[in-house]
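Visitor: I would like to learn how to read a structural model feature by feature, with the general idea given before each case. Could we begin once the model is in view?

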Amino acid sequence: MSTSTPSVIARRLQAKARIRHLQLIVLLSELGSLKKAAEAMHLSQPAVTQILSDLESLLDMPLFERLARGVKPTPTGKALIPIAQRILHAISDTSETVSAIKRQGEGVVRIAAIAGAISGLLVRALPNFSEKHPEIQITVVEADA
């Protein structure tokens, strides 16, 4: 395989890399087998072999040695496994953040009340309500009598 500069590799990855590439690197490191990785990804073994081949082509480096009984990461593969794991964790964190933001907008209660009701009734009731229903946002606006 030929030598590529970091910028060339980065452009290739930005244009063609997929999350499945990262998932496969991690699964192969954990399972040590194309067949087991294919089963875990619900793909055929030839499809997984093609995904690995595509990624190795993008990187211009072999990532795993193909052995009679499975695969073993090359030095490059070993270096990339923790990076792939961090990226997959970041994707998971992103989905959790987006989901939490979406949930905040789902439960909104808007209350307009006079000052007496706010300082009397609502001050006592809202903390208990908020504790029981943390997913609901409460907005209180003071209104004229």
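This is a predicted model: local features need pLDDT of at least 70, side-chain atom pairs count only at pLDDT 80 or more; totals for chains, interfaces and linings use all residues.

Visitor: What volume does the largest pocket have?

Guide: Residues are numbered from 1 along each chain as its sequence is written, and side-chain values use heavy atoms, with hydrogens and water left out. On a 1 Å grid over the protein atoms alone, a pocket is an open set of points where a 1.4 Å probe fits, with protein on both sides within 12 Å along at least five of seven lines, and lining residues have an atom within 4 Å of a point. Grid points are joined across faces, edges and corners, and a volume is the space filled by probe spheres set on the points. Here, the largest pocket has a volume of about 240 Å³.

Visitor: Which residues lie nearest the centre of the largest pocket, and how many residues line it?

Guide: The lining comprises 15 residues, and those nearest the centre are Leu 13, Leu 22, Leu 55, Ile 83 and Ile 87. Elements are DSSP runs numbered from the N terminus, helices being H or I with at least four residues and strands being E with at least two. Two or more lining residues are given by each of α1 (6-16), α2 (19-31), α4 (45-59) and α5 (75-106), and α5 supplies the largest share, 5 residues.

Visitor: How many residues of that lining are nonpolar, polar and charged?

Guide: In this classification Ala, Val, Leu, Ile, Met, Phe, Trp, Tyr, Cys and Pro count as nonpolar, Asp, Glu, Lys and Arg as charged, and the others, Gly among them, as polar. The lining of the largest pocket then divides into 13 nonpolar residues, 1 polar and 1 charged.

Visitor: At what angle do α2 and α4 pack?

Guide: Axes are lines fitted to C-alpha atoms, for helices over the stretch in contact, and angles run from 0 to 180 degrees between N-to-C directions. The axes of α2 and α4 are 10 Å apart, and the two helices pack at an angle of about 105 degrees. α2 is therefore roughly perpendicular to α4, a label that covers 65 to 115 degrees. Contact means heavy atoms within 4.5 Å, and the α2 side of this one consists of Arg 20, His 21, Leu 24, Ile 25 and Leu 28, facing Val 48, Ile 51, Leu 52, Asp 54, Leu 55 and Leu 58 of α4. By class, the contact of α2 with α4 has 8 nonpolar, 1 polar and 2 charged residues.

Visitor: Which residues of α1 and α4 meet?

Guide: From α1 come Ile 9, Arg 12, Leu 13 and Lys 16, which meet Leu 55, Ser 57, Leu 58 and Leu 59 of α4. The axes of α1 and α4 are 8 Å apart, at an angle of about 145 degrees, and the residues of their contact divide into 5 nonpolar, 1 polar and 2 charged.

Visitor: What is the phi of His 42, and what is that of Asp 60?

Guide: Most residues other than glycine have a negative phi. His 42 has a positive phi, near 60 degrees, and Asp 60 also has a positive value, near 65 degrees. His 42 sits in the loop between α3 (34-41) and α4, whereas Asp 60 belongs to the loop between α4 and β1 (64-67).

Visitor: Is Asp 60 buried or exposed?

Guide: Buried means under 20% relative accessible area, exposed over 50%, and partly exposed in between, with a 1.4 Å probe and protein chains only. Asp 60, at 12%, is buried, while His 42, at 72%, counts as exposed.

Visitor: Where is Val 71 found?

Guide: Val 71 is found in strand β2 (residues 70-73) and is buried, because its relative accessible area is 10%. Not counting residues up to four places away in sequence, Val 71 touches Leu 28, Gly 32, Ser 33, Leu 34, Phe 64, Glu 65 and Arg 66.

Terms used. Angles under 35 degrees count as roughly parallel, over 145 as roughly antiparallel, 65 to 115 as roughly perpendicular and the rest as oblique.
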